[in-house]
Amino acid sequence: MFHALADATRRDIVAVVLAQEQSVSELAVRYPMSFAAVQKHVAVLERAGLVVKHRRGREQRVRGVPGALRDVHGLLDQLESLWRARINRIDMILDEGASP
Amino acid sequence: MTVTDVVKDPANRRMTITAEFGAPVERVWQIWADPRQLERWWGPPTYPATVVDHDLSAGGAVNYFMTSPEGEKYAGWWRVSAVAPPRRLEFEDGFADAEGRPNPDMPVTVVAVTLDDRDGGGTRMEITSTFATVEAMDQLLAMGMDEGMKAAMGQIDSLLT
C-alpha cells in the first residue's frame, strides 16, 4: 500500500498539469498504464485539491491548482490528529500502571 | 483532556503539541525507552508495531514494522540525533522498504520530545514534529493529502474503509 501511495506518477501528473492543462487521454499517453489507471490517479489528486477537472465536449480536462502544493495547513492539521491519537494511547498505558 | 496546547507554524512546516500526564517524568520516559511500550502506542491498534532495533543513543537507530490485518508489513526507521534521558529525545522518522532500507520516496519528519516536571506533580510532554523539507510535504500532498498523510503517519487503518 505504501508503495502504491508513493507512486511517482501522481507527482508527475501534478507537475505536468500545472505547466499546461491536459485531457485525461493526453495524460494516459504519457504513462505506461491504462486510461482507467490514470483516471484513478487524477481522481485522488482531485480529492486532495491539487488538480481540478472540467469537461470540454467529450474530453475531461485536468488543470493544476497553483499554490495547492504549498497549502500546509491541512497537513499540519493531520499531524495534530495523529499525535492526539498517539497521546490518547499513551494516556491509556500510563493509566494502567497508575491503577492500584 | 490530556492535550493542553497545539501550535502550528506553516512557514516552518512545524506542529507543536503539549500534553500533560499524571505520571512522573521517569515513567513517561519509559513509553519511549521501552520498545514493548512503544509498540503499543506508535501505530493504531489495528496495525500493531513490532520494534526490531531500539537504540536510543545519539546516532542510534530504531527500526520497526507495522502489520496490517491482512498480514502485510510496513517498515519504518528512526535515527536518533540527540538524547538526554529522561527528558529529551530528538530523531528523524522515515519509511523503509521491505528489507528495512530507508525509502527516499517517502517523507521524513523530525521529531523533538521534551519531558518536564509539571507544577503540582506529573509530566508535561512537548512534541514538535517538523516536515524535514518542503519536498517531504509535497510528496505527501502529491499522494493525495488524506491518503498520503494517513499512510505516512501510520494511520493506515482508515485507508481500508
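This tour moves through the two chains of a predicted model, naming what to select at each stop and what is found there.

Residues are numbered from 1 along each chain as its sequence is written, while chains are lettered from A and ligands numbered from 1 in the order in which they are written. Since the model is predicted, local features need pLDDT of at least 70 and side-chain atom pairs count only at pLDDT 80 or more, whereas totals for chains, interfaces and linings use all residues.

**Stop 1: chain A as a whole**

Select chain A and show its secondary structure, which consists of five helices and three strands. Helices (H or I, at least four residues) and strands (E, at least two) are DSSP runs, numbered from the N terminus. Along the sequence their pattern is α-α-β-α-α-β-β-α. Of the 100 residues of this chain, 30% count as buried. A residue is buried if 20 or more other C-beta atoms lie within 10 Å of its own, exposed if 12 or fewer, and partly exposed in between, with C-beta atoms placed from the backbone.

**Stop 2: the sheet of chain A**

Select E1, E2 and E3 of chain A, an open antiparallel sheet of three strands in the order E1-E3-E2. At its edges are E1 (22-23) and E2 (51-56) of chain A, each of which pairs on one side only. Two strands pair if DSSP finds at least two bridges between them. E2(A) is joined by six bridges to E3 (residues 59-64) of chain A, and these two strands run antiparallel. For one such pair, highlight His54(A) and its bridge partner in E3(A), Arg61(A).

**Stop 3: the helices on the sheet**

Axes are lines fitted to C-alpha atoms, for helices over the stretch in contact, and angles run from 0 to 180 degrees between N-to-C directions. Two residues are in contact if their C-beta atoms, placed from the backbone, lie within 7 Å.

Within H4(A), colour the buried residues Val38(A), His41(A), Val42(A), Val44(A) and Leu45(A). They lie on the same side of H4(A), because they cover an arc of only 160° around the axis. The arc is that of the directions from the helix axis to the C-beta atoms. After H4(A) comes Gly49(A), with a positive phi near 80°.

Now select helix H2(A), which lies across E1, E2 and E3 of chain A and runs at about 95° to E3(A). The twelve residues of H2(A), 8-19, should span 16 Å at 1.5 Å a residue, and the 17 Å between the end C-alpha atoms agrees with this. The expected span of a helix is 1.5 Å times one less than its number of residues. Buried in H2(A) are Arg10(A), Arg11(A), Ile13(A), Val14(A) and Val17(A). Their arc of only 155° around the axis puts them on the same side of H2(A).

**Stop 4: chain B and its hairpin**

Turn to chain B, which has four helices and eight strands. Of its 161 residues, 36% count as buried. Select strands E1 (residues 3-9) and E2 (residues 14-21) of chain B, which run antiparallel and are joined by six bridges. Val3(B) has Ala19(B) as its bridge partner in E2(B). Four residues separate the strands of this hairpin, where Arg13(B) takes a positive phi near 55°.

**Stop 5: the nonpolar cores**

Which residues have the most contacts inside the largest nonpolar core? Within this core of 39 residues, they are Phe21(B), Val28(B) and Ile31(B). A nonpolar core is a set of buried Ala, Val, Leu, Ile, Met, Phe, Trp, Tyr and Cys residues joined through C-beta atoms within 7 Å. Helix H5 (residues 73-98) of chain A gives the largest share of this core, seven residues. Centre the view on Ile31(B): leaving aside neighbours within four places in sequence, Ile31(B) is in contact with Ile90(A), Ile93(A), Gln37(B), Leu38(B) and Trp41(B). A second, separate core has twelve residues, including Val38(A), Leu45(A), Val51(A) and Val62(A).

**Stop 6: Asp116(B)**

Finally, select Asp116(B) in strand E7 (residues 109-117) of chain B. Asp116(B) is partly exposed, because 14 other C-beta atoms lie within 10 Å. Not counting residues up to four places away in sequence, Asp116(B) touches Arg87(B) and Arg124(B). Val25(B) is 91 residues from Asp116(B) in sequence, yet the two are 6.6 Å apart in space, C-alpha to C-alpha.
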